[in-house]
Amino acid sequence: MPSFYIRHRTLYIYSGLVIDSANQIKLYPLEDEHQKITEHRLHISQQPVVHTSTDYFGNTTGFFTLVTPHQELMIESLLTVEMFKKSEPVRNVNSREVWSGVRREEIQLSYHDYLKAEQASCQFEMQQAIHEIIDRDQHPLDTVLELSGFIFKNFTYTKGVTTIETKVEEIWKLKAGVCQDFAHLLLYMLRLMGVPCRYISGYICPGRSHWRGEGATHAWAEVWLPDTGWVGIDPTNNCLAGERHVRLATGRNFSDCTPVKGTYRGASKHTLEVTVQFDAKPF
């Protein structure tokens, strides 16, 4: 069970003085039997009081305001997390029974937040791709893994060609992007199939083998199935999410999980620097 020491630093530099900076942060890692937080500290410019609450999706969310004039805002999260290995999901041998279970009316109603696919001009093309992959005689989780493999093989990991606002049809056309784009694609495909799924933000920690996106913030998807519950799928690396995937927040999409966002009055321009560091000992 590895331990990871993570420093996540967000720095805003404004072109002039700003005031009334109101901010929301989702930098409080999720905790369960697979992920134990042994230490977590926040350092924020001017040391404001941070009020926390739990959002609709179960994420701890912080809120703070800087009233006095300032030209920089630094938010630093220092985290020590202990990760526990997840066992391989146990699949029901009757795959058609699982497919039927996913489509039950009560399941579709219970998970409706995770089922609505956005409108996209590439929907028909993506449905054709899904049709070529889907097999009702195999377990739905194996189909999800094949969809992940499709994205991994056909889309190039390229930084700088997309933004957090890039839509699914643009990603489909570019055939390139980063982790949040690949998670976005997989979620869209799963929702077209009527399979409940959610977006996960977090970190992918360095290990013995090199993975795309490691040593930085990361994103992947979780799919819900009647016999396995929630299972994490990382299409950027075409694998099940495991003990190197540290979860920060969950929601329908990126906007539900944004680590830092806010508003302010003053200078119209700013630069943003985000760095994530990992170490073998506490910071």
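This is a predicted model: local features need pLDDT of at least 70, side-chain atom pairs count only at pLDDT 80 or more; totals for chains, interfaces and linings use all residues.

Student: How much of the chain is buried, and what is the accessible surface made of?

Tutor: A residue counts as buried when its relative accessible area is under 20%, and 48% of the 283 residues fall in that class. The accessible surface comes to about 14,000 Å², and 50% of that area belongs to carbon and sulfur atoms.

Student: How many charged side chains are there, and how far apart are the centres of the two sets?

Tutor: The chain has 29 positive and 33 negative side chains, with 3 Å between the centres of the two sets.

Student: What do the contacts say about sequence separation?

Tutor: Taking contacts between residues at least 6 apart in sequence, 74% join residues that are at least 24 apart.

Student: Now the strands: which partners does β4 have, and in which sense do they run?

Tutor: A strand is read by its bridges, so that two strands are said to pair if there are at least two bridges between them. Strand β4 (residues 60-66) pairs with β1 (residues 3-25) in the antiparallel sense over 5 bridges, and Asn23 stands opposite Phe64 in β4. Strand β3 (residues 51-54) also runs antiparallel to β4, joined to it by 4 bridges, with His51 opposite Phe63. In the hairpin of β3 and β4 there are 5 residues between the strands, and Gly58 takes a positive phi near 90 degrees.

Student: Is β9 mostly covered or exposed, and which strands pair with it?

Tutor: Strand β9 (residues 216-225) is mostly covered, since 8 of its 10 residues are buried. It is joined by 8 bridges to β8 (residues 197-204), which runs antiparallel to it, and there Tyr203 has Thr217 of β9 as its bridge partner. With β10 (residues 229-234), β9 forms an antiparallel pair over 5 bridges, in which Leu225 is partnered by Gly229 of β10. A hairpin through 3 residues joins β9 to β10.

Student: Where does Phe155 lie, and why does it count as buried?

Tutor: Phe155 lies in the loop between α4 (140-154) and β6 (156-157). With a relative accessible area of 3%, it is under the 20% limit and therefore counts as buried. Leaving out residues up to four places away in sequence, Phe155 touches several residues, among them Ile171, Trp172, Phe182 and Leu185. The C-alpha atoms of Phe155 and Lys173, which are 18 residues apart along the chain, are separated by 9.9 Å.

Student: Where is Asn237, is it buried or exposed, and which residues does it touch?

Tutor: Asn237 has its place in the loop between β10 and β11 (239-240), and its relative accessible area of 11% makes it buried. Not counting residues up to four places away in sequence, Asn237 touches Phe152, Ile204, Trp211, Arg212 and His218. Arg212 is also one of the residues that Phe155 touches.

Key: Residues are numbered from 1 along each chain as its sequence is written. Side-chain values use heavy atoms; hydrogens and water are left out. Buried means under 20% relative accessible area, exposed over 50%, partly exposed in between (1.4 Å probe, protein chains only). Contact means heavy atoms within 4.5 Å. Accessible areas come from the Shrake-Rupley method with a 1.4 Å probe; for residues, only the protein chains shown count as cover. Lys and Arg count as positive and Asp and Glu as negative; His and the chain ends are not counted. The place of a charge is taken as NZ of Lys, CZ of Arg, CG of Asp or CD of Glu. Helices (H or I, at least four residues) and strands (E, at least two) are DSSP runs, numbered from the N terminus.
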